[in-house]
Amino acid sequence: MSEIALIVIDVQNDFCPGGALAVSDGDAVVPVANRLMQRFDHVVLTQDWHPADHSSFAANNPGHDPFSLIDMPYGPQVLWPVHCVQGSKGAAFHNDLETDRANLIIRKGYRSEIDSYSAFFENDHTTTTGLAGYLRERAVEHLIMVGLATDFCVRFSAVDAARLGFRVTLLEDGCRAIDLDGSLAAARAELAEHGITVTTSDAI
């Protein structure tokens with residue numbers, strides 16, 4: 001019998017109001033995630049976990065501003081404000097997120113030389129996090145995704161999951177977007193292209 005898992009992506013202080021890379025209304029996803037976590041036996045949280053010298057930080061690329069684009073060995077890379085530094089308050093999960101319900105926490109972006117949006121792969125689309133194997137060993141075939149931000153880490157996680165053969169449902173009321181230079185529209189188009197269901201939590 002196939003199983004369903006809830007994947008809660010990067011609901012951390014730095015992505016919530018007042019954080020270093022705050023997503024507008026980002027903390028609104030917390031009650032949605034908490035409510036959903038009570039319904040599923042398989043719950044996975046992801047956590048951005050960057051060293052201070054991370055190559056995706058604009059501060060570590062002199063002459064480049066936050067949100068500018070540079071070429072890295074693995075392709076184009078947005079340069080971000082310093083955020084989710086290992087062990088910092090900003091990297092911690094939002095205080096109201098009920099993390100005790102999680103069976104697994106996947107930390108990503110901890111290698112200085114490469115960023116990692118997806119819960120499944122780093123941005124080279126080759127280096128894995130091990131999440132796919134974990135889910136398959138538990139007979140999980142359907143993933144429900146919520147978190148931050150819709151157009152970056154949620155988008156990349158959902159698309160990678162679909163490419164790996166999982167059925168994916170993204171719940172819009174449990175996500176919020178950055179919408180950087182049309183990134184939200186691009187994300188919606190890519191989600192549709194990969195057959196990912198986009199709905200709301202009251203529909204599941």
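## Cavity

In this predicted model, the largest cavity has a volume of about 110 Å³. One cavity of 30 Å³ or more turns up in a search of the whole structure.

Thirteen residues line the largest cavity, and those nearest its centre are Phe15, Leu21, Asp48, Phe152 and Cys153. Sorted by class, the lining of the largest cavity comprises nine nonpolar, two polar and two charged residues.

The volume of the largest pocket is about 350 Å³. Its lining has 17 residues, with Leu69, Pro76, Val78, Tyr117 and Phe156 the closest to the centre.

At least two residues of the lining of the largest pocket come from β4 (75-78), and at least two from α3 (150-163). The lining of the largest pocket divides into nine nonpolar, five polar and three charged residues.

## Cis peptide bond

Leucine 148 and alanine 149 are joined by a cis peptide bond, with omega at about -10°. Alanine 149 belongs to the loop between β6 (140-148) and α3.

## Positive phi angles

Cysteine 84 is a residue other than glycine with a positive phi, near 50°. The loop between β4 and β5 (104-108) contains cysteine 84. Cysteine 84 counts as buried because its relative accessibility is 0%, and buried means under 20%.

Alanine 139, also not a glycine, has a positive phi of about 60°. The loop that holds alanine 139 runs between α2 (131-137) and β6. With a relative accessibility of 35%, alanine 139 counts as partly exposed, a class that lies between the buried limit of 20% and the exposed limit of 50%.

Methods: Residues numbered from 1 in each chain as written. Predicted model: local features only at pLDDT ≥ 70, side-chain atom pairs only at ≥ 80, totals over all residues. Heavy atoms only, no water. 1 Å grid on protein atoms, 1.4 Å probe; cavity = no way out; pocket = protein on both sides within 12 Å on 5 of 7 lines; lining within 4 Å. Points joined across faces, edges and corners; volume = space filled by probe spheres on them. Helix = DSSP H or I, 4+ residues; strand = E, 2+ residues; numbered from the N terminus. Nonpolar A, V, L, I, M, F, W, Y, C, P; charged D, E, K, R; others polar. Buried < 20%, exposed > 50% of the residue type's maximum accessible area, 1.4 Å probe, protein only.
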